Amino acid sequence: MKEIPLYQIDAFATQVFAGNPAAVCPLEEWLPDATMQSIAAENNLAETAFIVTENGRRRIRWFTPVEEAPLCGHATLASGFVVLNYLEPALREIEFDSRSGPLRVARSGDRYLLDFPVVRTETVSSPPSEIREGLRCAPAELLVSIGDPNYLAILENEAQVLDVKPDMATLERLHPHGVVISAPGREVDFVSRYFAPGSGIPEDPVTGSIHCALAPYWARRLGKERMEARQVSKRGGAIGVELCGDRVHLSGSAVCYARGTLTI
């Protein structure tokens, strides 16, 4: 039997039961992929992060309940929180190597700052029928991200984003693509929601990675590089967003909900 530390962190939240919960499992060495996938399925959270130190470098991988993810914001924030508060509390920042390149998490006042790559997008000229059918509305604009497969459906206003009641079975047919809906916010610069039923995530509470694509879009549209965003899911979460050339700085808080041990 093997014992593995497990932390459950509410990311992009200032209190428990808010933001997006992620599991973090520090490992001495990588487990077989099938075992990590089974742990993620058993945790049944949007993401489980596994972190390993190899040759003096921290490496990170993320798994949804059904597959490995190429990039994840909230579970990276959660992992940085675990390292900086429990594993190496003397540090001010930590850099993870990942499939999407180096990702840095640093203390920034009462928040944590994430340094992520920009995700490029392009306009979709012929929208898949599943977009309109699945969202039960026609977006004003539709883009697709390059490298991190998601459609970005731009709606007219925050009320429309809140009113969307998606047909998950239809959106699931778009897999591997998830669907982001976004619009100008009433009290923040922009709001969003995210649906990825094909990846085992019907609606993600707060999704850092989608803001790597939303940041350049809203920076162009609003004419500003520093913005405040909110993901308006049921749990909800606030994200600071700053476009810095080909990088995006995301900032948010995190709190620990649980610490324990897996026995496998």
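These are my notebook entries on a predicted model.

**Entry: the largest pocket**

I started with the largest pocket and looked up its volume, which is about 310 Å³. I then asked which residues are the closest to its centre. They are Ala-69, Pro-70, Asp-148, Tyr-194 and Ser-199, out of 23 residues that line the pocket. Next I looked for the elements that give two or more residues to the lining, and found strand S5 (68–69), strand S13 (190–196) and strand S14 (201–204). I also sorted the lining by class: nine residues are nonpolar, nine are polar and five are charged.

**Entry: aromatic pairs**

How many aromatic pairs does the structure hold? I noted seven. I picked the pair of Phe-81 and Tyr-112 to work through. Their ring centres are 5.7 Å apart and their planes meet at 70°, so I wrote the pair down as edge-to-face, since planes over 60 degrees apart get that name. Phe-81 belongs to helix H2 (residues 74–87) and Tyr-112 to strand S8 (residues 111–117). The two are 31 residues apart, so I marked this pair as a link between distant parts of the chain.

Are these two residues buried or exposed? Phe-81 has a relative accessible area of 8%, so I call Phe-81 buried, the limit being under 20%. Tyr-112 comes to 9%, and Tyr-112 therefore counts as buried by that limit.

I looked at Tyr-217 and Trp-218 next. Their rings form an edge-to-face pair, with 5.0 Å from centre to centre and 90° between the planes. Both Tyr-217 and Trp-218 are buried.

Back at Phe-81 and Tyr-112, I found that they belong to a cluster: ring pairs link Tyr-7, Phe-81, Tyr-86 and Tyr-112.

I followed the contacts of Arg-61 one by one. The charged end of Arg-61 sits over the ring of Trp-30, at 5.3 Å from the ring centre. Arg-61 also forms a salt bridge with Asp-33, where N and O are 3.1 Å apart. Asp-33 is in helix H1 (residues 33–43), while Arg-61 is in strand S4 (residues 57–63).

A reminder for myself: side chains of opposite charge can pair when their charged atoms come close.

Arg-61 has a relative accessible area of 17%, so Arg-61 is buried, as the value is under 20%. Asp-33 has 43%, so Asp-33 is partly exposed. Glu-68 has 24%, and Glu-68 is therefore partly exposed as well.

**Entry: other salt bridges**

How many salt bridges does the count come to? The count gives 18 salt bridges. One of them joins the side chains of Arg-226 and Glu-242, at 3.3 Å from N to O. Arg-226 lies in strand S15 (residues 226–231) and Glu-242 in strand S16 (residues 237–244), 16 residues apart. Arg-226 has a relative accessible area of 59%, so Arg-226 is exposed, the limit being over 50%. Glu-242 has 24%, so Glu-242 is partly exposed.

I also found a network of salt bridges, which links Glu-54, Arg-57, Arg-59, Glu-95 and Asp-97.

**Entry: backbone details**

My last stop was the backbone. Most residues other than glycine have a negative phi, and most peptide bonds are trans. With that in mind, I looked for exceptions.

Which residues does a cis peptide bond join? The bond joins His-175 and Pro-176, with omega about 15°. I located Pro-176 in the loop between helix H5 (168–172) and strand S12 (178–184).

Phe-12 has a positive phi, near 55°. I placed Phe-12 in the loop between strand S1 (3–11) and strand S2 (20–27). The relative accessible area of Phe-12 is 3%, so Phe-12 is buried.

Asn-44 also has a positive phi, near 55°. Asn-44 is in the loop between H1 and strand S3 (47–54). At 57% relative accessibility, over the 50% limit, Asn-44 counts as exposed.

Terms used
Residues numbered from 1 in each chain as written. Predicted model: local features only at pLDDT ≥ 70, side-chain atom pairs only at ≥ 80, totals over all residues. Heavy atoms only, no water. 1 Å grid on protein atoms, 1.4 Å probe; cavity = no way out; pocket = protein on both sides within 12 Å on 5 of 7 lines; lining within 4 Å. Points joined across faces, edges and corners; volume = space filled by probe spheres on them. Helix = DSSP H or I, 4+ residues; strand = E, 2+ residues; numbered from the N terminus. Nonpolar A, V, L, I, M, F, W, Y, C, P; charged D, E, K, R; others polar. Phe/Tyr/Trp six-rings, centres within 6.5 Å; stacked < 30°, edge-to-face > 60°. Buried < 20%, exposed > 50% of the residue type's maximum accessible area, 1.4 Å probe, protein only. Lys NZ or Arg CZ within 6 Å of the ring centre and 35° of its normal. Salt bridge = Lys/Arg side-chain N within 4 Å of Asp/Glu carboxyl O.
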